[in-house]
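Trainee: Could we go through this structure together? I would like to begin with one residue and then turn to other topics.

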Amino acid sequence: MSAQCEVTVRAAAGAPMNLFERWLTLWVFLCIVAGIALGQMLPAPFQALGRMEVARVNLPVGLLIWVMIIPMLVKVDFGALHQVRRHVRGIGVTLFVNWLVKPFSMAFLGWLFIRQIFAPLLPTEQIDSYIAGLILLAAAPCTAMVFVWSRLSNGDPLFTLSQVAVNDTIMIFAFAPIVGLLLGISAITVPWDTLVTSVVLYIVIPLALAQLWRRALLKKGQAHFYATMAKLGPWSIAALLATLVLLFAFQGEAILRQPLVIALLAVPILIQVFFNSALAYWLNRAVGEQHSVACPSALIGASNFFELAVAAAISLFGFESGAALATVVGVLIEVPAMLLVVKVVNASKGWYERGAA
């Protein structure tokens, strides 16, 4: 194993869930309240922030997204790609669930619940936008929080690291085509230029900058790398929370008119999380993978790169869109849902090992 790869494995295996991460759902809820209140009390400043755009990219949000994403991408070590062969079955299962099941199952769940079952309870003009937000949420596998979930489930850190590196590589090329395909199938207009711009701005450029920064940090030694990662964590979460305040300042009026919307959007997201995690967990058991691989595989298969989804939704559809709101609901429920999955895979270890081939 390379020295750089070992650094990231040790960081992934040993970093505990910090205060911000553990209580992320609470912070998101407080941001909902603060954003709605501030948007109602101070509409003019928020409207001014919303108008600060270049080529449909909101500059304040773009800056916040970079602050949010880049520190997370510094953890990714593409040197771990050669480790893929050690867990071909587990990585194959995760890739199958991430790229061939999750986006398409979410498109179906969006059609079923948002366009059919819940349609009478939702604003008609936002239904397409809600579905688009759900698709954006499911089209990008989680990059950062996966390291936390893997540690909590005693997952193999090297498998987790190599899987994240593979997913990030695929995401550069597959995110836009999959989103475009599913939006088209859902009869939603696809602004391809904005979609491609979002991929460049929120995947390609941040990933390149993060890797350059990673190399610079590692040249100064492992201790310096660990210390910097510890300092950057709160900045990422703070940028996410600031983005959410802006979003809910714009969404406040719609939410106050129809507070049930958030609960309705949560239904397909929760079903998607539990279905895909169960599918990945069962498939790993069926092909005979170790429990320490099946756990992070199930968690990677179910969780989302919600930071990217929020950024893309804002770029494609705007602050006040249903798409932006749907991606934020994903942020709201991600932590409690994933902690429940962690609890289930840990508790079922005996059952898993009895049936593994």
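Mentor: We shall discuss one serine, the cysteines, one leucine and a pair of helices. Please keep in mind that this is a predicted model.

Trainee: Where is Ser-303 found?

Mentor: Ser-303 lies in the loop between α13 (291-302) and α14 (306-317).

Trainee: Is Ser-303 buried or exposed there?

Mentor: Ser-303 is buried, because its relative accessibility is 0% and buried means under 20%.

Trainee: What does the side chain of Ser-303 reach?

Mentor: The side chain of Ser-303 reaches the backbone oxygen of Leu-299, at 2.8 Å.

Trainee: And which residues is Ser-303 in contact with, leaving aside its neighbours within four places in sequence?

Mentor: Ser-303 is then in contact with Lys-102, Ala-140, Pro-141, Cys-142, Val-146, Trp-149, Glu-334 and Met-338.

Trainee: Cys-142 is in that list, which brings me to cysteines. How many disulfides does the count come to?

Mentor: The count comes to zero disulfides. For Cys-31, the nearest cysteine sulfur is that of Cys-142, 19 Å away. A disulfide requires two cysteine sulfur atoms within 2.5 Å, so Cys-31 is in no disulfide.

Trainee: What about Cys-295?

Mentor: Cys-295 is in no disulfide either. The nearest cysteine sulfur to Cys-295 is again that of Cys-142, at 16 Å.

Trainee: Are Cys-31 and Cys-295 buried or exposed?

Mentor: Cys-31 is buried, with a relative accessible area of 8%. Cys-295 is buried as well, with a value of 0%.

Trainee: A change of topic: where is the place of Leu-30?

Mentor: Leu-30 belongs to helix α3 (residues 24-41). Leu-30 is partly exposed, its relative accessible area being 43%.

Trainee: How are Leu-30 and Val-245 placed in relation to each other?

Mentor: Leu-30 and Val-245 are 215 residues apart along the chain, yet their C-alpha atoms are separated by 8.9 Å.

Trainee: Now the helices. At what angle do α5 and α11 pack?

Mentor: Helix α5 (residues 59-73) and helix α11 (residues 222-257) pack at about 150 degrees, and their axes are 8 Å apart. Angles over 145 degrees count as roughly antiparallel, and α5 and α11 are therefore roughly antiparallel to each other.

Trainee: Is the crossing of α5 and α11 left-handed or right-handed?

Mentor: The crossing of α5 and α11 is left-handed.

Trainee: Which residues meet between α5 and α11?

Mentor: On the α5 side, Val-61, Leu-64, Ile-65, Val-67, Met-68, Pro-71 and Met-72 take part. The α11 residues they meet include Met-229, Leu-232, Trp-235, Ala-239 and Leu-246.

Key. Residues are numbered from 1 along each chain as its sequence is written. This is a predicted model: local features need pLDDT of at least 70, side-chain atom pairs count only at pLDDT 80 or more; totals for chains, interfaces and linings use all residues. Side-chain values use heavy atoms; hydrogens and water are left out. Helices (H or I, at least four residues) and strands (E, at least two) are DSSP runs, numbered from the N terminus. Buried means under 20% relative accessible area, exposed over 50%, partly exposed in between (1.4 Å probe, protein chains only). A polar contact is a pair of N or O atoms within 3.5 Å; within protein, one must be able to donate a hydrogen and the other to accept it, and residues adjacent in sequence count only if both atoms are side-chain atoms. Contact means heavy atoms within 4.5 Å. Axes are lines fitted to C-alpha atoms, for helices over the stretch in contact, and angles run from 0 to 180 degrees between N-to-C directions. Angles under 35 degrees count as roughly parallel, over 145 as roughly antiparallel, 65 to 115 as roughly perpendicular and the rest as oblique. A crossing is left-handed if the near helix is turned anticlockwise from the far one by less than a right angle, and right-handed if clockwise.
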